[in-house]
Amino acid sequence: MNKFAFVAAAAMIAGMMTPAFAGCDTRNADEDKQAAAAEKCEDAFLRRQNDNGVQDTRSTVYEEFYACNAKAGCSELDKRHPMK
């Protein structure tokens, strides 16, 4: 009986902690508002970076991407596209 209680408690704790770590994972954008915001930042960054007619400097595009991630609360995603 004690083994079952420990296993059940561990499963409950793991279940409660998992959503906290999945907040900025853009693969969960359909279910999570924070992930949806991070996905919009990523899409805007790629669109601006690939736009040949844009007059902005490269650093401006990165600064806007970093600011968007900070606003979404996903600053850890900045290391996906480090400014070189």
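Predicted model: local features only at pLDDT ≥ 70, side-chain atom pairs only at ≥ 80, totals over all residues.
Visitor: How many helices and strands does the protein have?

Guide: Three helices and zero strands. Along the sequence the pattern reads α-α-α.

Visitor: What span should helix 3 have, and what is the distance between its end C-alpha atoms?

Guide: The expected span is 1.5 Å times one less than the number of residues. Helix 3 has 15 residues, so it should span 21 Å; its end C-alpha atoms are 22 Å apart, which agrees. Helix 2 has 18 residues and should span 26 Å; its end C-alpha atoms are 26 Å apart, which agrees too.

Visitor: Which residues of helix 3 are buried?

Guide: Start with the cut-offs. Buried means under 20% relative accessible area, exposed over 50%, partly exposed in between (1.4 Å probe, protein chains only). In helix 3, the buried residues are Val-61, Tyr-62, Phe-65, Asn-69 and Ala-72. They cover an arc of only 95° around the axis, which puts them on the same side of helix 3. The arc is that of the directions from the helix axis to the C-beta atoms. What covers these buried residues includes helix 2.

Visitor: And which residues are buried in helix 2?

Guide: Ala-35, Ala-38, Cys-41, Glu-42 and Phe-45. Their arc is only 115° around the axis, which puts them on the same side of helix 2. The face turned away from that buried side carries the exposed residues Lys-33, Lys-40 and Arg-47. Helix 3 is part of what covers the buried residues of helix 2.

Visitor: Is Glu-42 buried or exposed?

Guide: Glu-42, in helix 2, is buried, with a relative accessible area of 14%. Contact means heavy atoms within 4.5 Å. Not counting residues up to four places away in sequence, Glu-42 touches Phe-65, Arg-80 and His-81.

Visitor: Which residues make up the largest nonpolar core?

Guide: In soluble globular proteins, nonpolar side chains tend to be buried together. A nonpolar core here is a set of buried Ala, Val, Leu, Ile, Met, Phe, Trp, Tyr and Cys residues joined through side-chain atoms within 4.5 Å. The largest has five residues: Cys-41, Phe-45, Val-61, Tyr-62 and Phe-65. Helix 2 (33-50) and helix 3 each give two or more residues to this core. Helix 3 gives the most, with three residues.

Visitor: What does Tyr-62 contact, beyond its neighbours within four places in sequence?

Guide: Tyr-62 sits in helix 3 (residues 58-72). Tyr-62 is buried, with a relative accessible area of 4%. Beyond those neighbours, Tyr-62 is in contact with Phe-45, Gln-49, His-81, Pro-82 and Met-83. Take Met-83: 21 residues along the chain from Tyr-62, yet their C-alpha atoms are separated by 6.6 Å. Val-61 touches Phe-45, Arg-48 and Gln-49, leaving out residues up to four places away in sequence.

Visitor: How many aromatic pairs are found in the whole structure?

Guide: A pair of aromatic rings is described by the distance of the centres and the angle of the planes. Rings of Phe, Tyr and Trp (its six-membered ring) pair if their centres lie within 6.5 Å; planes under 30 degrees apart count as stacked, over 60 as edge-to-face and the rest as tilted. A search of the whole structure finds four pairs. The rings of Tyr-62 and Tyr-66 have their centres 6.2 Å apart and their planes at 55°, so this pair is tilted. Both residues lie in helix 3, four residues apart, about one turn of the helix. Phe-65 and Tyr-66 form a tilted pair as well, at 5.9 Å centre to centre and 50° between the planes.

Visitor: Are Phe-65 and Tyr-66 buried or partly exposed?

Guide: Phe-65 is buried, with a relative accessible area of 3%. Tyr-66 is partly exposed, at 22%. Phe-45, Tyr-62, Phe-65 and Tyr-66 form one aromatic cluster.

Visitor: What share of the protein's residues is buried?

Guide: Buried residues make up 23% of the 84 residues.

How values were computed:
Residues numbered from 1 in each chain as written. Heavy atoms only, no water.
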